[in-house]
Structure formats: C-alpha cells, structure tokens
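Let us walk through this structure step by step. Keep the sequence beside you as you read.

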Amino acid sequence: MTKVNDKTELEIIEFLDENGPSFLGEVVKNLKLSYSKGLKHTNQLLSRGIIKHSDPPLQYELNSDPK
C-alpha cells in the first residue's frame with residue numbers, strides 16, 4: 001500500500017477500515033471535517049488507489065487491490 005503521511009488522510013483510512021463503505025457526508029461528519037477538506041482528501045486517496053468508490057450510490061471504501 002502507498003505510504004500515507006497526511007493526518008487527515010490517515011483518519012479517513014482508519015474510519016473506512018472500521019466502518020466499511022461510507023458516504024462522504026458520513027466521513028466528514030464523523031471526522032469533523034469541512035465538506036471541501038473531506039472531498040479534497042478523499043480525491044487524493046482515490047487518485048493514489050488507496051480507496052475506491054461505488055457508483056451509484058457513491059460510497060467510499062478501502063481498496064483491497066491498490067495500483
């Protein structure tokens with residue numbers, strides 16, 4: 001797995017690991033993030049293949065088969 005040094009990204013990974021597939025709203029609410037900050041960090045994790053999302057509904061989860 002790609003190394004993650006960002007505290008917020010680590011919190012998102014831990015949240016998804018503990019809670020399974022989750023909507024972005026659930027992630028930002030539980031981690032007390034702004035929507036824009038949560039979206040920024042989930043997009044960064046998506047682009048690195050650390051997390052993935054279903055379509056639809058758009059739920060994020062850890063990627064068990066990273067790039």
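Start with a term: a residue is buried when its relative accessible area is under 20%, exposed when it is over 50%, and partly exposed in between, using a 1.4 Å probe and protein chains only. Helices (H or I, at least four residues) and strands (E, at least two) are DSSP runs, numbered from the N terminus. This is a predicted model, in which local features need pLDDT of at least 70, side-chain atom pairs count only at pLDDT 80 or more, and totals for chains, interfaces and linings use all residues. Residues are numbered from 1 along each chain as its sequence is written, and side-chain values use heavy atoms, with hydrogens and water left out.

Go to helix 2, which spans residues 24-31. Its buried residues are Leu24, Val27, Val28 and Leu31. They line one face of helix 2, because they fall within an arc of 90° when seen down the axis. The arc is taken from the directions that run from the helix axis to the C-beta atoms. Why can residues spaced along a helix share a side? An α-helix has 3.6 residues a turn, so residues three or four places apart point the same way. What covers the buried residues of helix 2? The cover includes helix 1 (7-19), strand 1 (22-23), helix 3 (35-47) and strand 3 (59-62). Contact here means heavy atoms within 4.5 Å.

Now step just past helix 2. Lysine 32 sits in the loop between helix 2 and helix 3. Its phi is positive, about 55°, although lysine 32 is not a glycine. Most residues other than glycine have a negative phi. Is lysine 32 buried or exposed? Lysine 32 counts as exposed, because its relative accessibility is 74%.

Move on to helix 3. Helix 3 has 13 residues and reaches 18 Å from its first C-alpha to its last. That is close to the expected 18 Å, a span defined as 1.5 Å times one less than the number of residues. Gly38, His41, Thr42, Leu45 and Leu46 are buried in helix 3. They lie on the same side of helix 3, because they cover an arc of only 145° around the axis. Ser36 and Ser47, on the other side of helix 3, are exposed. The buried residues of helix 3 are covered by parts that include helix 1, helix 2, strand 2 and strand 3.

Pick out leucine 45 in helix 3. Its relative accessibility is 0%, so leucine 45 counts as buried. Leaving aside residues up to four places away in sequence, leucine 45 touches Val4, Glu9, Ile12, Ile13, Ile50 and Ile51.

Finally, look at charges. Side chains of opposite charge can pair when their charged atoms come close. A salt bridge is a side-chain nitrogen of Lys or Arg within 4 Å of a carboxyl oxygen of Asp or Glu. How many salt bridges are there? The count is 2.

One joins glutamate 11 and lysine 7, with the closest N and O atoms 3.0 Å apart. These residues are 4 apart in helix 1, so about one helical turn separates them. Glutamate 11 is partly exposed at 24%, while lysine 7 is exposed at 61%.

Another joins glutamate 9 and arginine 48, at 2.8 Å from N to O. This pair links distant parts of the chain, 39 residues apart: glutamate 9 is in helix 1, and arginine 48 is in the loop between helix 3 and strand 2 (51-53). Glutamate 9 is buried at 3%. Arginine 48 is partly exposed at 29%.
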